[in-house]
Amino acid sequence: MRLGAPAHIRALFAAGVLFALSLCPDSEARDLPGLSLPVEQHALANGLHVVLAPDPAVDSATVIVRYDVGSGDDPTGKEGLAHLVEHMMFDGSRHVPHGEYWRWIERAGGSGINGTTALDATRYVANVPPEQLPLLLWLESDRMGFPVLDEDGLRRAKTLIADEMRGKTGDQSMGWVMPVLFSELFPSWHPYHMDPGRSGLDGITLADVRAFLRTWYAPRNAWLFVAGKIDAAATLALAEKYFGDLPGDAPPVRPGLPRSWRLPHARIVMGAGVLRDRVAIGWPAPPLGDPVDAALDVAAAILSDPSGRLQRALLAKGLVVSVHAGESSQSRGSAFVISAVTADGVPAEVVEDAIERTVDDLAKTITPEECARARSEWATTALLRLQTPAGRASHLSSFDSALEPWGLHKYDAIGPGEIASAVRSVLAPSNRVSVVVHHDNRYPTGGVVLSREERP
Amino acid sequence: MTKRLLALVASVLLGACAAQPPARPLVPPLRYAGLDGHAPSEDAPFRASPPALADEGPLPAVTVQSFALPGSLRVLVVERHGFPALAAQLETDIGPADAGDVGGVLAGMLSSVFLRPPEGVLQTSGGCGAVGCFVSSRGATGDLDDVLGRMADLALSERAPAAEYDRRLATTIKQYEMSGADPGQSFSRVERALLFGNRHAYGSNHKAVRPSLDDLRDLRRRAFVPTSSVLVVVGDVTADEVKASAERHFGSWTAPAGPLAAPAPPPDASGARIAAFHTRAISQVLGAVVARGPTRRDPDAPAFQLLVEMLGGSPGSIAFQEVREDMEAAYSVGSSVVWYPTTSAMALGGSFERGQAITGMQGLLDAIRGVRDAAPSEDALARAKRTAVSKSRRAFETNEGIAASLAHTVLLGVTPEAAFDFPRQIRAVTSAQVQAVAARYLDVARLHVVFVGDPEYLVTAQALRFGMPMRTDGWGERWIGGT
């Protein structure tokens, strides 16, 4: 049945965005130039969200199809299912034989083809010359509506994912450290909980894949983002033509989750065949959209300034050879992580203590200048990222864009007080998890857990 | 190894979980509902075949304005007023100052010590490779003076506290010494050592290099001269604005008394045709076929670029399809060309599943032989052309992309006009030309093979018919003997 009625347009926002950066309340203001980039959002009758960002001044068009399902939705015992489905979606569809997807994109002069599986979303992205947009939308609609799934594709996807994961974890320094840290930061009931010792890949069947697709890969649970040299009305008509008749149920409603939880003050010791000891310290943090999450973004930028607080406290004193802080912001919970590679002969405990002191100090002594610099750096980077259609589509497809179209004002209201409060409330010593990696060539590069203890 | 790792991790974590209260699942099992309701028009005529491809659009026109400062620094400006931002890149050919056989290593250290911005300097970076050093910065419209000022500070002076440079040097030397055991860095070193020898700047690899700060200062004094440099500014600025600002920040930068000597081209590749660095630090095996190619100024350059694209430059390429999709021998397969002033280096490689390292490598060699033996099909040629042109266009989508690309290409001896004309030259390449350059540059006698990985999975390497693999250390410097 064709749902061919004119698109039911919900213009949630269609606006030129005027960008004017204001700085921390206590610092000198600096203006950046204006930027006008219109964005339109529509919904087709079958529930598919369509977001368009036209700009005649650029030279290409980027399409991202986002399905609001990710590895956080893997059923228990089927860990890896979302990632496996992403791989299999490149295997072909009813009208696109195996291997032809790539070739069609290349015949059109496309590039930047990729699929990514995150905790909350799976994205398919490609960039084409603007005149080839119909082909790309046709390919994506065939993939959404009529994927071809068979046992050979399932086996091939399992092989490639196992290979991919070996490269990402077993062969990388710190490869297993983040999965181990996340297994502690997110309790077993949380969808982001990882069990590094467990993979459900082998047990996944074709029936599981089909069921997952039917449950989650429906227009009502999907977003089509098109940015670049496009005519908005013509693109919307193409979206209606190719996607408008695809059916699908509403996705399951996910239950609510607690906003925060207390953790045992755990310390994990690992051994790894790396050249130096490493330390990773993490804290669970509020989800994306929470003001505290945004304040922690700025806190991470201040700590990670190329010659900033962590560098002065650890690198300049010869305690580490590298150190980094970051807030991993996600829709159902975030994690603040500081990681470091220790210098020769420096015990990991010394580095742990120095990190803890630096974080405590941040809450007491943050300056307006540091805050202003972090925000200015972030705002300039955000602006420059929007130069290309790919950058614009990528930003729009992030969950950040639901808060504000281009996200350029995200940190306007955050000053030293907000940051200090966030640091005190979230980055408490009692709520942290530490992972210490001792270098030892008896173990693989990715690392092995040797012990776990809970501190009072 | 992986199973043991998983088992250990699992046992520790499961043990830990057992000590906790029973988990309460908050996320219920997923609802595996069947499709109901309407069916899509999957047999509609518009679904049966893809929309016809549109004709290729024109390549974007780029106008380059050029002038020289009183100190001889060449300045190129590309005005782009569609977005409120700008970028600049200063690129310096260090070849003339890099005649010593440790030059490549010293340049890398120079960048780690002196070309990293001090605290508070935003959107600015620097680095050095075998060909040149760069300093770049970017900002919004109106930031031109800040951008060029930051670059001049970083390229021409020392703004960080003196102790900071001492610390950076100590860390740089330490990290350099430890990098000899790093599989990825060793892979790249051995590749270059095979192609250029380990006493040339393009391929130089020295385990024991411990320069002083003054050594690096001396290199910087000799290498960073305006006559060997080009400054490119791209974005929402005018040439007049750039001229005024560039004169303020770079106007007093003067050339040395006499011209510097051009670097000698690398000697002909000789010695081992197949080499292996043995390490158990990775579970996969890194492998590549490498060969020297034409210079960027050579008429063969567009066809060579297209050939490399066709071999492994995209998911639809020959080696990607054969080695990854059909043989399932590697997760990642790719190809690249690195252009040097007097030559180029092609690499076609992958990260192989260890049990398939030799068969996967054979797949790469077969892909090369296939293009040598028969001209590629028109479809394969057309796909490769469109992909290569598309990559060029995307590289030119940002101000910083244009600045970096133009600065680097100009230092290779290519005119700015020719740099932007490369996509058009690629569109003009024929199938026969691709086969001809494959025969000329990828003849089996010109190919070298590199492996990095567990020797247990390389014992059948002689099946590749490249002779007995030579075992090297992680610097590509010491040939240990056969596997």
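Let's start with chain A, which splits into domain 1 (40-243) and domain 2 (265-455); such bounds come from an automatic or database domain assignment. This is a predicted model, where local features need pLDDT of at least 70 and side-chain atom pairs count only at pLDDT 80 or more, while totals for chains, interfaces and linings use all residues. Residues are numbered from 1 along each chain as its sequence is written, with chains lettered from A and ligands numbered from 1 in the order in which they are written.

**Where the domains meet**

Chain B also comes in two parts, domain 1 (65-250) and domain 2 (274-482). The table sets out both chains. Two residues are in contact if their C-beta atoms, placed from the backbone, lie within 7 Å.

| A | 28 Å | 36 residues from domain 1, 32 residues from domain 2 |

Which element gives the most to the side of domain 1 of chain A that touches domain 2 of chain A? That's α5(A), with 6 residues. Helices (H or I, at least four residues) and strands (E, at least two) are DSSP runs, numbered from the N terminus. By class, this side of domain 1 of chain A has 19 nonpolar, 12 polar and 5 charged residues. Ala, Val, Leu, Ile, Met, Phe, Trp, Tyr, Cys and Pro count as nonpolar, Asp, Glu, Lys and Arg as charged, and the others, Gly among them, as polar.

**A sheet in chain A**

In chain A, 6 strands make an open sheet, ordered β9-β10-β8-β11-β7-β12, with mixed pairing. Two strands pair if DSSP finds at least two bridges between them. At the edges sit β9 (320-328) and β12 (448-455) of chain A, each pairing on one side only. Further in, β8 (residues 278-285) and β11 (residues 433-439) of chain A run antiparallel over 5 bridges. There, Val279(A) stands opposite Val436(A) in β11(A).

**Chain B as a whole**

Chain B has 15 helices and 13 strands. How many of its 483 residues count as buried? The share is 49%, where buried takes 20 or more other C-beta atoms within 10 Å of a residue's own. Among contacts in chain B between residues at least 6 apart in sequence, 79% link residues at least 24 apart.

Technical notes:
A residue is buried if 20 or more other C-beta atoms lie within 10 Å of its own, exposed if 12 or fewer, and partly exposed in between; C-beta atoms are placed from the backbone.
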